[in-house]
Amino acid sequence: MHRNDATKQFHSGDDRIAELIDEGPGVDLPAPDTDVPMVSRSVRLPLETYERVRAAADARGIGVTTLMRQWIEAGLADLDDSATVSLADVRRALASLAHPTAA
């Protein structure tokens, strides 16, 4: 059955669409990448801000949403004084102390 025919059947309330779904081949869905339940939220950002976030994520070799999640988690940790710092940030801070730039 073509997609358009199936769509028409679905919108007409025809019960045969359920039979078609049952008869179709099974699909292996990818396993979630985390054991923690996740919630998807939409955030509107100015294009320039999004491009900066994307560049920062690319520089770190991670996805944009992963970086945003890390920033949100860090911000929330800061609110309750349980802040965590990435090892890369600690190394950068230590390196800047070891090699101060001339002012």
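This is a predicted model: local features need pLDDT of at least 70, side-chain atom pairs count only at pLDDT 80 or more; totals for chains, interfaces and linings use all residues.
A helix here is a DSSP run of H or I covering at least four residues, and helices are numbered from the N terminus. R92 and D89 both belong to helix α5, where three residues, about one turn of the helix, separate them.

What links these two side chains? R92 and D89 form a salt bridge, with their closest N and O atoms 2.3 Å apart. Side chains of opposite charge can pair when their charged atoms come close. The cut-off for this contact is 4 Å between a side-chain nitrogen of Lys or Arg and a carboxyl oxygen of Asp or Glu, and the count by that rule comes to one salt bridge. How accessible are the two partners? R92 has a relative accessibility of 48%, so it counts as partly exposed. D89 is also given as partly exposed, because its relative accessible area is 35% and the class runs between 20% and 50%.

Now step back to the whole chain. The protein has five helices and zero strands, so its elements, numbered as DSSP runs, read α-α-α-α-α from the N terminus on. The mean pLDDT of the protein is 81, and 88% of its residues reach 70 or more. Which helices mark the two ends of that range? Among the elements, helix α3 (residues 47-60) has the highest mean pLDDT, 96, while helix α2 (residues 16-23) has the lowest, 70.

In the protein as a whole, buried residues make up 8% of the 103 residues. E51 is found in helix α3 too, but at 38% relative accessibility E51 counts as partly exposed, because it falls between the 20% and 50% limits.

Rolling a probe the size of a water molecule over the atoms shows where empty space is left. How much space lies in the largest pocket? The largest pocket holds about 510 Å³. Its lining has 16 residues, and R41, T65, M68, R69 and I72 are the closest to its centre. Which element gives the largest share of that lining? It is helix α4 (residues 64-79), with seven residues. By class, the lining of the largest pocket divides into eleven nonpolar, two polar and three charged residues.

The second largest pocket has a volume of about 290 Å³. Its lining has 13 residues, and those nearest its centre are R60, Q70, W71, S86 and D89. The elements that give two or more residues to this lining are α4 and α5 (87-98).

V85 sits in the loop between α4 and α5. Is V85 buried or exposed? V85 counts as exposed, because its relative accessibility is 57% and the limit for that class is over 50%. V85 and A74 are eleven residues apart in sequence, with 7.8 Å between their C-alpha atoms.

Conventions. Residues are numbered from 1 along each chain as its sequence is written. Side-chain values use heavy atoms; hydrogens and water are left out. On a 1 Å grid over the protein atoms alone, a cavity is a set of points where a 1.4 Å probe fits but cannot get out, and a pocket is an open set with protein on both sides within 12 Å along at least five of seven lines; lining residues have an atom within 4 Å of a point. Grid points are joined across faces, edges and corners, and a volume is the space filled by probe spheres set on the points. Ala, Val, Leu, Ile, Met, Phe, Trp, Tyr, Cys and Pro count as nonpolar, Asp, Glu, Lys and Arg as charged, and the others, Gly among them, as polar. Buried means under 20% relative accessible area, exposed over 50%, partly exposed in between (1.4 Å probe, protein chains only). pLDDT is the predictor's confidence in each residue, from 0 to 100.
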